[in-house]
Amino acid sequence: MAWRGQLSRNLKELRILLCQSSPSSSSARAFVEKNYKDLKTLNPKLPILIREASGIEPQLWARYDMGVERCVRLEGLSEAQIFKALEDLAKVGASLKA
């Protein structure tokens, strides 16, 4: 899981969109509660934005160099699957730099 400490090398910004109360966002809320502190500690200069809005579909957005963005829909994913999606987004950022 060394990739978690290198998110700031591959991403310019990370955004997590979720609903405060809907069941479809429950895994995303749990992911944020359990992982935000560690991710921010490992990547202090990386903007990690949590955006809550009633009724919104849970999503994970990554912004890379040159304004390139990628989105992953989180509805129906477990916390482990969300972690995997974040890892995949980090890999995309590394490949864009190559």
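**Figure 1. Pairing of strand 1 with strand 2 in the predicted model.**

**Figure 2. Pairing of strand 1 with strand 3.** Strand 3 spans residues 59–63 and runs antiparallel to strand 1, with five bridges joining the two. Within this pairing, E13 stands opposite R63 of strand 3.

**Figure 3. Burial of strand 1 on both faces.** Strand 1 is mostly covered, six of its six residues being buried. On one side lie E13, R15 and L17, and on the other L14, I16 and L18; all of these residues are buried.

**Figure 4. The loop between strand 1 and helix 2, at S22.** S22 is located in the loop that connects strand 1 (13–18) with helix 2 (26–42). The residue is buried, its relative accessible area being 16%. A polar contact of 3.2 Å is made between the side chain of S22 and the side chain of S24.

**Figure 5. Helix 2 and its bend at N35.** Helix 2 comprises 17 residues and reaches 24 Å from its first C-alpha to its last, close to the 24 Å expected at 1.5 Å a residue. At N35 the helix bends by about 50 degrees. N35 is also among the buried residues of helix 2, together with A28, A30, F31, V32 and L39.

Figure 6. The buried residues of helix 2 are A28, A30, F31, V32, N35 and L39. An α-helix has 3.6 residues a turn, so residues three or four places apart point the same way.

**Figure 7. The cysteines C19 and C71.** The model contains zero disulfides. The sulfur of C19 has its closest cysteine sulfur in C71, at 16 Å, and this separation is too far for a bond, because a disulfide requires the two sulfur atoms to lie within 2.5 Å. C71 is accordingly in no disulfide, the nearest cysteine sulfur being that of C19. C19 is buried, at 2% relative accessibility, whereas C71 is partly exposed, at 33%.

How values were computed:
Residues are numbered from 1 along each chain as its sequence is written. This is a predicted model: local features need pLDDT of at least 70, side-chain atom pairs count only at pLDDT 80 or more; totals for chains, interfaces and linings use all residues. Side-chain values use heavy atoms; hydrogens and water are left out. Helices (H or I, at least four residues) and strands (E, at least two) are DSSP runs, numbered from the N terminus. Buried means under 20% relative accessible area, exposed over 50%, partly exposed in between (1.4 Å probe, protein chains only). A polar contact is a pair of N or O atoms within 3.5 Å; within protein, one must be able to donate a hydrogen and the other to accept it, and residues adjacent in sequence count only if both atoms are side-chain atoms. The expected span of a helix is 1.5 Å times one less than its number of residues. The bend at a residue is the angle between axes fitted to the seven residues ending there and the seven starting there. Two strands pair if DSSP finds at least two bridges between them.
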